[in-house]
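Please keep the structure open while I speak.

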Amino acid sequence: MAHQSELIEMKVPARPEYVGVVRLTVSGVANRLGYSYDDIEDIKIAIAEACTNVVNHAYPEQSVHASMHVSFAIFEDRLELVVADKGGAVDIEELNRGRGPITKDQPVEDLKEGGLGLFLIETLMDEVEIRSEDGVMIVMTKFLQRDEVDSNVDRTSEEPTKHQ
Amino acid sequence: MNLDIQVSDYENKSVAEVSGEVDVYTAAKLKETITPLAEQEDKRLIIDLSGVDYIDSTGLGIFIGALKASEKAGTSLTLTGLNARVKRLFEITGLHEVIDIDQAKREEA
C-alpha cells in the first residue's frame with residue numbers, strides 16, 4: 001500500500017465566491033504532482049462540482065456557520081480529494097436519482113437545469129464515494145499516470161534528502 | 001475569477017460574447033444577461049464562448065435554461081467558439097445532442 005506523504009486541508013465558507021479559490025488551489029496541487037493538463041482540468045471541474053453542491057444544497061440560506069471542509073490527500077499513485085459539509089444527513093438515494101447524461105430523445109421542456117454535477121464528478125474522476133453522516137462527504141480519487149510524471153517532482157521520503 | 005459578457009444587437013439576432021470562467025459564482029451574471037435575450041421572440045440568440053476557458057455544470061444549466069426559453073419564444077439558440085475542453089463537457093453530458101453547436105468561427109458582422 002502506498003503511504004500517504006502529504007495532506008492539505010482547507011475550511012472555507014460555503015459561498016459561491018470560494019468555489020473558485022478551492023479550484024485554483026487544487027489546480028496548483030495537481031500541477032505540482034505532475035498531472036497532465038487534461039487531468040488537471042478534470043480535477044478542477046470535479047472539485048468545483050462537489051463544492052457547488054455544498055454551496056447550493058447543504059445549508060439553509062444565510063447560515064453564518066456554513067462551511068465546507070476540503071482536503072487533498074497526496075499518495076504516491078493518486079490524489080484523493082474530499083469535500084465535506086455539516087449540513088445534516090441527506091438521503092443518498094435521493095441524491096443519486098435521475099443522474100446521467102442528457103439524450104436527444106428527451107423533449108427540451110423536460111430538461112433540467114441541475115443534476116449534471118454528480119454525473120460529471122463520476123465521469124471525470126477514477127473513483128467516487130459518497131457518504132452521509134452529519135452531512136455529505138464526497139471522496140474523489142484521480143490516479144497519476146506514471147508516464148506523465150514530471151521527474152523533478154519528489155514526493156516520497158524514501159531517500160534521504162541530500163543537503164548541500 | 002471574472003466573467004465578461006458583451007452583447008451586440010442586430011435586426012434578427014443577438015450575439016453574446018462571453019469570456020472568463022463560468023461557475024457557481026459568475027453564473028448569476030450570465031443567467032441575468034442571457035435569459036432575456038433568449039426570450040426575445042423575433043431574434044435568434046448566438047452565444048460566442050471563444051473567451052471561455054472554464055465551465056462546469058452550473059454554466060451548462062444556464063444554457064439548458066436558455067435553450068428552453070428560446071424554444072418557447074419560437075427562436076433558436078446557437079453556441080459557437082467552444083474550445084476543446086468546453087466542447088468535451090458538452091459531449092460528456094450529452095448536451096451537444098440537444099443544443100446547436102457551431103464549430104466554425106464566428107462570422108464578422
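Chain B holds an open sheet of five strands with mixed pairing, in the order β1-β2-β3-β4-β5, where strands are DSSP runs of E of at least two residues, helices are runs of H or I of at least four, and both are numbered from the N terminus, and where two strands pair if DSSP finds at least two bridges between them. This is a predicted model, in which local features need pLDDT of at least 70 and side-chain atom pairs count only at pLDDT 80 or more, while totals for chains, interfaces and linings use all residues. Residues are numbered from 1 along each chain as its sequence is written, and chains are lettered from A and ligands numbered from 1 in the order in which they are written.

At the edges of the sheet lie β1 (3-9) and β5 (100-102) of chain B, each pairing on one side only. β1(B) runs antiparallel to β2(B), residues 13-22, with seven bridges between them, and Ile5(B) has Val18(B) in β2(B) as its bridge partner.

Turning to the interface, 22 residues of chain B are in contact with 24 residues of chain A, contact meaning that C-beta atoms, placed from the backbone, lie within 7 Å. On the chain B side, α2 (57-72) and α3 (84-93) each supply at least two residues, and the largest share, nine residues, comes from α2(B).

Methods. Two residues are in contact if their C-beta atoms, placed from the backbone, lie within 7 Å.
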